[in-house]
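Here is a briefing on selected parts of one chain. Look at the structure first, then read the points below.

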Amino acid sequence: MYEFNYHKPASLADAAKLLAGEEVKLVAGGMTLVPTLKQRLAKPSDLVDLAAIGGLKGIKEEGGGVTIGAMARHAEVNRSADVKRLIPALAALAGMIGDPAVRNRGTIGGSVSNNDPAADYPAALVGLGATVVTTKREVPAEQFFTGMFETALGQEEIVTAVKFPKPQAAAYQKFKNPASRYAIVGVFVAKTAGGVRVAVTGAGPCVFRVPAMEAALGKSFSADAIKDIAIPDSGLNSDIHASAEYRAHLVNVMARRAVAACA
Amino acid sequence: MQKTVSLTVNGKPVSATVEGRTLLVQLLRETLGLTGTHVGCDTSQCGACVVHVDGEAVKSCTLLAVQAEGRAIKTIEDVADGDTLHPMQEAFRDNHALQCGFCTPGMIMSALDLVKNNPDPSDREIREYLEGNLCRCTGYHNIVLAIKAGAAAMRGAPTKSQGAAAE
Amino acid sequence: MAEIGTPVRRREDYRFLTGQGTYTDDINRPGQLYAYILRSPHAHARITGLDTGAAAKTAGVTAVFTGKDLADAGVGGLPCGWQIHSKDGSPMQEPPHPVLALDRVRHVGDPIAVVIADTLGHARDASELIKIDYAVEPAITNASEALKPGAPLVFAEVPGNVCYDWHLGDPAAVDAALKSATRVVKLDLTNNRLVPNAMEPRAAIGDFDRATGEHTLFTTSQNPHVIRLLMGAFVLHIPEAKLRVVAPDVGGGFGSKIYHYAEEAIVTWAAAKLRKPVKWTADRVESFMSDAHGRDHATHVELGLDAQNKFVALKVSTVANMGAYLSTFATCVPTYLYATLLAGTYTTPVIYAEVKAVFTNTVPVDAYRGAGRPEATFLVERIVDLAADELGVDPAELRRKNFIPKDAYPYQTPVALQYDSGDYFSTLDLATKASDYAGFEARRAEAALRGKLRGIGIATYIEACGIAPSAVVGSLGARAGLFEAAAVRVHPTGSVTILTGSHSHGQGHETTFAQLVADGLGIPMESIEIVHGDTAKIPYGMGTYGSRSLAVGGTAIIKAMDKIIAKGKKIAAHLLEAAEADIEFKDGNFSVAGTDRSKSFGEIALTAYVPHNFPHEELEPGLDETAFYDPKNFTFPSGAYVAEVEIDPDTGTLEICSFNASDDFGRIINPMIVAGQVHGGLAQGIGQALLENCVYDQATGQLLTASYNDYAMPRADDLPHFALSTHATLCTHNPLGGKGCGEAGAIGAPAAISNAIVDALKPVGVRHVEMPATPEKLWRAIHQHKAAA
């Protein structure tokens with residue numbers, strides 16, 4: 001790890017000010033950032049720790065859905081009675097991230113801001129039509145995740161919470177990378193008032209929706225309805241763990257299983 | 001940039017001057033001489049470094065020492081009661097759940113975290129919980145038996161003597 | 001008092017369970033500096049410029065050394081311990097293996113320079129200021145490709161990248177037998193490259209005592225005396241008397257910690273040069289790039305059968321990847337630890353094997369758990385299963401038909417080895433019964449109803465362990481003897497220290513050996529201390545590998561105990577005023593035969609050290625004996641494994657439904673420890689079959705699997721509970737009858753799993769699936785069949 005200056009501001013305003021500098025990184029749980037730093041893959045001048053800032057931690061029922069503070073850890077979301085009651089698929093998804101010790105530190109805000117193409121949360125946010133709350137605005141999830149490790153966040157903008165509406169039914173199916181246990185393919189399916197949403201992580205450079213499946217499921221919400229909807233493999237990730245062709249195939253299988261799990 | 005960090009380690013208040021980049025595991029091993037916590041990888045997967053931070057299992061190789069400011073840390077050195085092994089440690093011994101011993105401290109700290117949240121875990125739950133702890137010696141077979149037996153002992157349930165020796 | 005055969009709980013556990021183990025990285029020496037090793041980012045390049053000036057001037061840095069500094073100081077290259085001769089009688093190509101690269105780097109991770117500083121952070125910071133100009137050259141990582149004309153050369157002086165082109169057996173006899181065979185079954189297969197991945201990364205600390213001139217190396221080694229010999233004699237030119245090597249608690253080895261590595265020489269040399277202790281600890285990425293890898297064979301095999309389905313000949317042609325340099329024992333692995341095992345458990349009368357060992361731009365390859373024997377077992381058991389499939393006969397029956405009969409021992413194979421004992425029928429019976437082999441088809445049908453493909457697979461194995469008779473290995477090219485040493489030091493009050501040259505890094509020697517000694521001397525376990533891992537304490541030792549600790553190291557202890565008992569009898573005869581020949585030793589007592597007159601072990605010990613009334617002309621005081629034991633033959637553990645798997649055709653995901661292992665390890669001292677060894681071996685074997693794969697980018701030579709994000713280690717939820725059984729036939733040439741158990745699981749499991757997979761995929765016409773059988777490979781096999789149909 002390269003040496004850096006460490007800051008632990010007490011307010012979001014102070015944190016935002018620190019972000020104005022060059023090469024400044026935020027750290028929430030640090031589960032992605034610290035290993036990255038250890039391997040000297042990043043060289044920030046300053047690290048701004050969000051741990052001391054109040055008001056970023058809670059999970060609460062709000063407007064019929066759930067609002068999760070950016071510093072809420074995966075283990076907390078996984079065990080939250082509110083999340084389990086209102087969006088059990090989201091609680092289950094949080095319990096599939098990393099491993100137990102990682103879930104005890106990793107946060108939703110960190111995961112969402114990092115936007116790893118194989119992370120689980122982006123599928124839930126896009127699948128449920130969630131809204132990302134930042135220090136400056138509220139952004140619909142689909143507009144928030146803009147590309148591989150890219151988000152709509154501005155330089156001095158910090159994620160403070162994520163608002164999830166309650167779906168009628170939802171499920172997440174994850175096909176894990178046998179080594180890293182990230183998603184080779186993860187599919188989140190949600191039946192919402194505004195229609196069915198199918199969001200895919202792991203398969204492409206960034207989370208994406210599958211309109212053809214959504215339309216078919218809108219007509220008939222059954223695994224069979226999407227059986228023949230193939231995902232084109234062009235543009236999908238291809239690496240030593242899975243080819244694009246296999247990922248495309250898994251999207252269909254995982255989507256069908258998620259639909260079945262919604263029942 | 002040097003920083004002073006104050007925390008509680010195994011029940012005792014500790015202060016140390018560290019670099020920003022110093023990891024908690026480096027503070028434990030190098031500054032405090034608590035070498036029971038090990039480092040087996042760089043990518044937060046092997047779990048040899050698991051300690052408890054405020055009662056929860058955390059990978060001490062993935063936490064900066066400065067992030068542990070004000071926290072209570074418990075390491076493998078503080079699990080036994082004097083010379084008497086904790087029931088989970090005893091279960092590991094009785095079930096031959098360790099060979100080279102390198103992953104063992106992390107395994108025990110993780111096992112205690114599991115049992116705290118799930119006092120009577122099934123085999124499947126134990127295996128899934130150990131996703132973040134690698135062992136290259138035991139094939140996990142006896143670790144699963146040990147955690148089951150350790151959990152039973154911690155609940156005060158009557159235990160079968162053990163499984164490993166019978167096979 | 002019968003400790004042997006009982007599951008005594010391990011004496012070493014307390015320190016490990018409480019965080020009190022002392023691994024190399026736990027050791028810190030006063031005034032210690034830290035070494036960071038700068039490694040090549042390129043698979044193959046000439047170094048055209050190297051400037052360490054800026055790095056050396058960085059805050060905290062004590063020194064920067066390069067290959068030139070070491071060469072100027074007379075530091076030698078890393079030696080290879082086994083010379084193989086090619087078919088034409090020429091010795092193998094043995095190009096230099098410098099401790100730090102000189103003008104060329106040959107694999108990603110090849111060490112170039114070492115920065116020594118007050119902290120590891122400072123050393124690594126400074127390493128980034130070292131300026132290196134590389135002229136990148138084409139790299140070759142696949143051994144078969146490296147043999148093709150025009151392939152890039154790893155060494156200009158090694159034509160065609162061939163280290164040796166070796167063979168064993170009579171090619172004409174094999175060709176004739178194959179010609180007259182009723183059926184010849186053929187298969188091409190690879191044995192995937194693995195990374196051993198002991199959980200403790202390698203580490204080394206060099207120290208130098210100015211007062212005595214003694215060098216000390218603390219290192220993560222399975223054989224500290226071997227390191228002392230190789231490093232002292234060949235690399236640093238330090239006499240043994242001035243070089244101490246300590247291997248304290250070691251966090252797993254699996255072969256990867258046998259070898260003498262560059263970093264050990266670097267810290268030992270630098271500590272003497274700088275007059276300060278120097279510590280180096282690998283991180284995991286470094287481990288992937290610098291620990292010797294395992295396996296990596298590509299093989300064509302042909303098995304001939306006659307009309308009665310008896311095997312008549314086996315012909316094997318293998319390309320073995322050596323990596324960029326010859327690691328310590330690399331050359332014997334694909335030859336004498338491999339081709340000599342190709343008879344397996346069968347009576348195949350003629351066998352021919354040819355092996356081309358090839359240099360590539362990859363990390364050196366050497367012995368990894370099983371070493372050659374897993375590769376032999378995998379191909380023999382795959383081709384036998386394929387033969388059963390082609391013949392439409394039951395694979396268990398085909399095996400029984402060709403097993404070496406129970407009354408055929410000693411059995412001389414056509415590939416040099418003579419098996420002393422075995423019973424392959426009984427272990428196969430145990431494993432097939434335990435797995436309800438007979439009832440399998442009903443389970444396959446039931447799984448099919450659920451849309452799953454279920455299969456069952458058998459593998460039998462034999463291994464040559466108890467390595468090794470020095471005369472035999474010497475005649476085959478070994479540059480070392482492979483005996484073992486032990487000392488039994490009886491103290492005046494009757495407690496005993498055992499000094500063993502075997503090294504425990506998870507095997508539980510402190511318990512198993514104490515059981516041996518407790519029974520042998522008739523004293524309680526608490527009176528016995530087992531000491532290992534320090535050349536300053538132990539008389540000598542060849543270390544632990546090849547499942548040799550009990551069969552060779554344990555026998556050395558017994559031989560030393562025999563000497564203690566012999567001397568004790570002399571002392572007892574004197575004290576009891578009887579003839580030495582009349583003294584019997586039993587249960588810790590020396591007695592005059594046929595009388596009630598006796599002396600306890602403790603009384604004899606005390607007398608030995610308080611020799612007030614001693615016949616000094618006939619008897620020396622003291623009770624301290626050393627023995628060196630050189631085995632007469634290898635030992636031959638064997639067994640049968642049955643795996644049952646279920647595959648989800650939608651995703652290719654595989655579940656292991658059951659795994660039954662039945663082994664013949666000869667006499668078992670501690671069944672609990674033996675079961676643990678089998679579990680661990682099975683996990684590594686299953687890991688090879690399903691998960692683990694070391695992958696290089698063919699174009700750039702980059703190592704793509706350099707962390708646990710990309711190299712899939714077996715986790716708890718990947719593995720089943722294992723069901724074990726044993727059936728013992730005793731080894732005939734050591735006093736224990738023990739054969740060794742450490743490698744069995746890793747040897748037998750890959751073929752058992754692979755055979756189960758191919759059986760499951762039989763309905764879709766699959767003949768072979770390469771390891772690791774990942775979900776994508778399995779899905780593709782099923783999918784392609786569907787597409788073709």
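Strand 13 (residues 297-305) and strand 14 (residues 311-323) of chain C run antiparallel and are joined by nine bridges. Strands here are DSSP E runs of at least two residues, helices are H or I runs of at least four, and both are numbered from the N terminus. Two strands pair if DSSP finds at least two bridges between them. This is a predicted model: local features need pLDDT of at least 70, side-chain atom pairs count only at pLDDT 80 or more, and totals for chains, interfaces and linings use all residues. Residues are numbered from 1 along each chain as its sequence is written, with chains lettered from A and ligands numbered from 1 in the order written.

**The sheet**
- Glu302(C) stands opposite Lys315(C) in strand 14 of chain C.
- An open sheet of five strands in chain C has the order 7-15-14-13-8, with mixed pairing.
- Its edge strands, strand 7 (162-169) and strand 8 (183-191) of chain C, each pair on one side only.

**Helix packing**
- The axes of helix 10 (residues 373-391) and helix 19 (residues 744-760) of chain C come within 8 Å and cross at roughly 30°. Axes are lines fitted to C-alpha atoms, for helices over the stretch in contact, and angles run from 0 to 180 degrees between N-to-C directions.
- Helix 10 of chain C is therefore roughly parallel to helix 19 of chain C (angles under 35 degrees count as roughly parallel, over 145 as roughly antiparallel, 65 to 115 as roughly perpendicular, the rest as oblique).

**The hairpin**
- Strand 22 (residues 583-586) and strand 23 (residues 589-592) of chain C run antiparallel, joined by four bridges.
- Ile583(C) has Val592(C) as its bridge partner in strand 23 of chain C.
- Two residues lie between the strands, and Asp587(C) takes a positive phi near 50°.

Conventions: A residue is buried if 20 or more other C-beta atoms lie within 10 Å of its own, exposed if 12 or fewer, and partly exposed in between; C-beta atoms are placed from the backbone.
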